[in-house]
Amino acid sequence: MTAMERYTGTPKLMVPAFGLGVVGLVLTAVGFFMNPEATAFSYLLGFTYWVGISVAALIMLAIFHTAKAKWLIVLRRAMETMAITVPVFAVLILAFIPLMKYLYPWIDGSPLAAHIHGIEVEHLHHKKEHYLNGGFFAVRQAIYFAVWIFVSHRLYSWSTKQDEAGGLDLTVKQRRFSPGALPFLALTITFAAFDWLMSLTPLWQSTIFGVYYFAGSFLAAFCLLTIITVQAQGKDLYGSLVKVPHFHNLGKLIFAFTAFWAYIGFSQFLLVWIANIPEEAPWYGLRMYGSWRSMSIAIFFLHFVLPFFTLLSRKLKEKPRLLAVAAVYMLLMHAVDLYWLIWPAFSGEAGPTFHWTLITAFVGVGGVAVGFALFRARNKYTFPVKDPYIAESLRYVQP
Amino acid sequence: MEAKVLDSWVMAEFATPEALVSATQQMREKGFQGMDTYSPYPLHGGSEALGLPPSRVPFIALGGGLTGMVTALTMQTWMNTVDYPLNVGGRPLLSLPAWVPITFELSVLFAAFGIFFGLLGLSKLPQPYHPAFESEEFRSASTHGFWLSIPHPTGTDAADVKNQLTALGATHVTVVSGENE
């Protein structure tokens, strides 16, 4: 076995990723001049998909530090790299400035505001103006990204500093900092989900909505981590150090968060369904009946029932290649789930329609994000080489 | 009454879990079968050293979970549509969303029953007596001792097995005999 050095192969992947991302974003910009409404919703999907994974990776990292978990240390650098990608989204969110009025009926000058009829509905909209207005929205975005960038940079810089210095004190710092950061991370992702996704339908409200977005993103982050780990084979990459018990754990986490996503999704649905009050019911009414019905049923079976019973198998979770296939499938289903959250606000009764910017925006945001992640990972070790507990992580077995 | 043939075991105590696992592994490679290990807390690598097949408990749990699910769904369907139909706020009698919590809970309960009773059944528990308890030293298995038992034909000389175990680091070796269920 050869010694693990700093990974120098990133440019080979970084350049195509950035290239693909830029092409995607340029095409999306072209789409904006052809069909601004559809493009705005497509971009929102691509943006929320990738930023969710990045923030979920950050929360996952903080949770593992809080729990003082040792088994995953060999995977930690990949997670940190996903989390450290968050600044690129602080730039990408600037595209909301021209797009917002096509997304949110509550913003001043939105063409969607024309659909708000009736004195009662107008009154309800008016009451939400203190929260839902352009200025406060911008302030909140600044707060979210400030928290995410600060936390991810603190953890990442301590971790990479440890690659040089070693020692226990940097681990202690990360473990002290993380539990303190968690409440802020939880609040920011919850309110981000309210702002980006829930306020598409301003009168609809669900306090659990943030957890729903988080659950899906968390699942996607674990899937992406699994795929990266399976693919990280080669010189100076950590993949060969990851053994079956690690993959079994990743599989268990994917399985657990598949169930968690369904649990949260159903909890949200049951309360709305059973209360059946006019402000809440239409959001589900649109999705339960008419042209969205078959898609809603399909998501229940394909995002929960099928993966649940498939991932029950221990043998599958212990086979990295098969697990990676399941992870790719779940990543796809997460995109479908976000489409199901976002698109009805655009197409309404017309049902699941397709616009080509869905693909370009998804690839554009994703390509730029992956490219930026690889840019951050260049000339770094692909796992925390001098973490005091790295040996325990490498010889981890099932308890 | 027909006299029952007594079963015998060679029992060996080891000082550390590592010594026990390594001795178990080596005795199994020598061809000894039907061995068992005893330790005060879960033993890392114990099942692998004994060469045990995968546990059947997960399948019992799955069966229990599915039984619970079917039971809950049929029970609620029958109650709400046949036995005592009740109009709640104009909702249909067959309101599946409202039945999910009960279905979930009953699936979990039956799966837990499957695990609990399945494990007891497969481990042949409760078992108030086993010949291993004939050895006074075996009490240490519940505090600090790590024990290995090897079946041995009753009445034959166990010196060879005992010597092998001592050579593998056993601190105490004894033979127990008794009636096993």
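User: Where is Lys124(B) found?

Analyst: Residues are numbered from 1 along each chain as its sequence is written, while chains are lettered from A and ligands numbered from 1 in the order written. The model is predicted: local features need pLDDT of at least 70, side-chain atom pairs count only at pLDDT 80 or more, and totals for chains, interfaces and linings use all residues. Helices (H or I, at least four residues) and strands (E, at least two) are DSSP runs numbered from the N terminus. By this numbering, Lys124(B) belongs to the loop between helix 4 and strand 3 of chain B.

User: Is Lys124(B) buried or exposed?

Analyst: A residue is buried if 20 or more other C-beta atoms, placed from the backbone, lie within 10 Å of its own, exposed if 12 or fewer, and partly exposed in between. Lys124(B) has 9 C-beta neighbours inside 10 Å, so it counts as exposed.

User: What is the phi of Lys124(B)?

Analyst: Lys124(B) is not a glycine, yet its phi is positive. The value is about 55°.

User: In what order do the strands of chain B stand in the open sheet?

Analyst: Chain B has 5 helices and 4 strands, and from the N terminus its elements run β-α-β-α-α-α-β-α-β. Two strands are said to pair if DSSP finds at least two bridges between them. The 4 strands form an open sheet with antiparallel pairing, in the order 2-3-1-4.

User: Which strands of chain B stand at the edges?

Analyst: An edge strand has a single partner strand, so one side of it is left without a neighbour in the sheet. In chain B, this holds for strand 2 (36–38) and strand 4 (172–178).

User: Which residue of strand 4 of chain B is the bridge partner of Trp9(B)?

Analyst: Strand 1 (residues 7–14) of chain B pairs with strand 4 of chain B in the antiparallel sense over 7 bridges. The partner of Trp9(B) in strand 4 of chain B is Val176(B).

User: Which residue of strand 3 of chain B stands opposite Ala12(B)?

Analyst: Strand 1 and strand 3 of chain B run antiparallel and are joined by 7 bridges. Strand 2 of chain B is joined to strand 3 of chain B by 3 bridges, again antiparallel, with Thr37(B) bridged to Leu148(B). In strand 3 of chain B, the residue opposite Ala12(B) is Leu148(B).

User: How many residues of strand 3 of chain B are buried?

Analyst: Helix 1 (residues 17–29) of chain B lies across strand 1, strand 2 and strand 3 (146–152) of chain B. Helix 5 (residues 159–167) of chain B lies across strand 1, strand 3 and strand 4 of chain B. Strand 3 of chain B is mostly covered, the buried number among its 7 residues being 6.

User: What is the radius of gyration of chain A?

Analyst: Chain A has 17 helices and 0 strands. The radius of gyration is taken over C-alpha atoms, and the globule rule is 2.2 Å times the number of residues to the power 0.38. For 399 residues the rule gives 21 Å, and chain A is close to this, so it is as compact as a globular protein of that length; its radius of gyration is 21 Å.

User: How many residues of chain A are in contact with chain B?

Analyst: Two residues are in contact if their C-beta atoms, placed from the backbone, lie within 7 Å. On this basis, 4 residues of chain B touch chain A, and the number of chain A residues in contact with them is 6.

User: Is Lys68(A) buried or exposed?

Analyst: Lys68(A) lies in the loop between helix 2 (36–66) and helix 3 (73–83) of chain A, and has a positive phi of about 55° although it is not a glycine. Because 10 other C-beta atoms lie within 10 Å, Lys68(A) is exposed.

Technical notes: Axes fitted to C-alpha atoms, helices over the stretch in contact; angles between N-to-C directions.
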